[in-house]
Amino acid sequence: MHFHHHGYVSTDPRVQPAAGTGIDRPAELPDEVDVLIVGSGPAGMLAAAQLAQFPGITTRIIERREGRLAIGQADGIQARSVETFQAFGFADRIISEAYRITEMAFWRPDTENPTHIVRGGRALDDESGISEFPHLIVNQARVLDYFAEVAENSASRLTPDYGWDFQTLEVTDEGDFPVKVTLKRSAGPDEGTERIVHAKYVIGCDGARSKVRTSIGATLAGVTANHAWGVMDVLANSDFPDIRLKCAIQSHDGGSILHIPREGGHLFRMYVDLGEVAEDDNGAVRKTSIDEIIAKGNAIMNPYTVDVRNVAWHSVYEVGHRLTDRFDDVPLEEIGTRNPRVFITGDACHTHSAKAGQGMNVSMQDGFNIAWKLGHVLEGRSPESLLATYSAERQVIAKNLIDFDKEWSTLMAKKPEDFENPSDLEDFYVRTAEFPAGFMTEYTPSMLTNTATHQDLATGFPVGKRFKSERAVRVCDANPLHLGHQATADGRWRIYVFADQAAAGEASKTADFAQWLATASDSPLAATPAGLDSDAWFDTKVIYQQKHEDISLMEVPAVFKPQVGPFKLDYLEKVYGVDPKSDIFDARGLSRDGVIVVVRPDQYVANVLPLTATDELAAFFAPLLSGLQAK
């Protein structure tokens, strides 16, 4: 954590000094805002936390509830989300309170006595080590609390505006705030009154029944699987031996259960198979009582029993898979003719079953994707054309998720005798582990993501996929650290310079690249406005092939030791050597001739280039940086 650079700090260093819109922030919702976020669910709160890092931008987030969410329906936190939490500074804290999934047990009918279930196998949750972060279970409300804390502690001092219900919007051609939004007071003494707010941009994070989606004329299309599930969070005693282990349970003729222990040591969740739904059901299955769900669960668990002492929450839902054809307000026939003003995220544009644990996780990545892009556009870093990449990128990801979820949901509802092999469900879980963990997202070439022309120089950092961290040793203090963990969600691009074999201070391609980066007019750093720290827009780190004790810090090029803050102090924490226990060059397939890895603000690899490819790097950034475009 970087602080003490403006003077001595003895208070909580996570609380940034107020700046910009955070100074004398009005308590009441203003008439004009740069970004209006509708809904304080996972996508909305992450978007708010990210935009809060841009204190010059007026961001407000409205929520129809009168206060924070008390009980969340989502609970599964995939490893990719925990990586994201690390960027926002609270991964360790949420890990400490969450339930950690390390194994999954698979139960099936006993071949000797099919009316009884037996454990058929166990599978490690992350057998191949796809992430250094765990798979967690924690109440959605706690996730929202942590993002709310980040936003409030930011220089923007952003907090939700509770008690406002979105009604409709209209995109006009009038003035600097062309989105006219109608709101209604949903709580407080003035409940029921309406008002108008004008915004430059709107992000709709208002769920499956999204009014923002309706306002822009987008519709969800898809099918319902005609299969119902009862879900319950309960406190119970049981003789089931795996009651504190995640389980997929298949009975002979009673259906299936997905069993998930919750945080806190006692609570657990069960998704109980309620069977096929008749076409003329007309929603009757949703009236299934909690007593019926408990009885059905006990029938599936035979010979074991679950003695429910308390029901914290329960619901009944039918599996549905729906997707909008666009995630913004630009109709398909108008793409390329105008820039979007309104965006939808999460359940507003994609719905699926809860059993794959993807809803909250994918929604948060929606919010991450659009928020930093809005920040760059509104600050003048990037052109408005950047915003069209949100729908283009995330719609494809949602489609892939729905395809995966259809297969997983079908397998969970399948009768044991219909499987070709008894271990088919377990095999699918192991084989596809990278997808539900959130690591199969791969953005295709665009203005944000280059082609993989030079991928052979960094095989472990695939272009378009998330930057998979690895250890290196920081030279200034000899600390072995995960390189990716040093990248916070501050809206900056990352340029990782993996040096050639020459030592610091010697003539080398690394030294030549550093000179170009610091002085060339077409260097991306040249777009940073005067008056800001030289690393304000780009976090550039160098990783040498030598051990830390063999690197002379004073010989390292100055561009990797920027002078920051009002006192222009040398920032020495951007220089690394290899960790002998796990050489990052070997671990990530990095060329010993050196390589540049460019990473987007949302942690995805955007480009891989040789150290000599300064023209290619300049050409990549030119359309993304308004300052370079002007030059």
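Biologist: What are the ground rules here?
Modeller: The model is predicted: local features need pLDDT of at least 70, side-chain atom pairs count only at pLDDT 80 or more, and totals for chains, interfaces and linings use all residues. Residues are numbered from 1 along each chain as its sequence is written, and side-chain values use heavy atoms, with hydrogens and water left out.

Biologist: How many residues of H2 are buried?
Modeller: In H2 (residues 79–88), 9 of 10 are buried. Buried means under 20% relative accessible area, with a 1.4 Å probe and protein chains only. Helices are DSSP runs of H or I, at least four residues, and strands are runs of E, at least two, numbered from the N terminus.

Biologist: Which ones are they?
Modeller: Ala79, Arg80, Ser81, Val82, Glu83, Thr84, Phe85, Ala87 and Phe88.

Biologist: What do they pack against?
Modeller: Helices H1 (42–51), H3 (91–97), H4 (140–153) and H7 (359–379), plus strands S3 (76–77) and S7 (135–137).

Biologist: And what follows H2?
Modeller: Glycine 89, with a positive phi near 90°.

Biologist: Switching to H1 and H7. At what angle do they pack?
Modeller: About 30°, with the axes 7 Å apart. Axes are lines fitted to C-alpha atoms, for helices over the stretch in contact, and angles run from 0 to 180 degrees between N-to-C directions. H1 and H7 are therefore roughly parallel, a label for angles under 35 degrees.

Biologist: Which residues make that contact?
Modeller: From H1, Pro42, Ala43, Leu46, Ala47, Gln50 and Leu51. H7's side includes Met360, Gly367, Phe368 and Trp372. Contact means heavy atoms within 4.5 Å.

Biologist: How do the axes of H1 and H4 cross?
Modeller: They come within 8 Å and cross at roughly 20°. That makes H1 roughly parallel to H4 too. Among the H1 residues meeting H4 are Met45 and Ala48; Phe147 is one of those in H4.

Biologist: Which residues have the most contacts inside the largest nonpolar core?
Modeller: Phe147, Trp493 and Phe621, in a core of 112 residues. H7 gives the most to this core, with 8 residues. A nonpolar core is a set of buried Ala, Val, Leu, Ile, Met, Phe, Trp, Tyr and Cys residues joined through side-chain atoms within 4.5 Å.

Biologist: Last one. Is aspartate 535 buried or exposed?
Modeller: Buried, with a relative accessible area of 9%. Aspartate 535 sits in the loop between H10 (509–519) and S22 (538–547).

Biologist: What does its side chain make a polar contact with?
Modeller: The side chain of lysine 574, at 3.3 Å. A polar contact is a pair of N or O atoms within 3.5 Å; within protein, one must be able to donate a hydrogen and the other to accept it, and residues adjacent in sequence count only if both atoms are side-chain atoms.

Conventions:
Buried means under 20% relative accessible area, exposed over 50%, partly exposed in between (1.4 Å probe, protein chains only). Angles under 35 degrees count as roughly parallel, over 145 as roughly antiparallel, 65 to 115 as roughly perpendicular and the rest as oblique.
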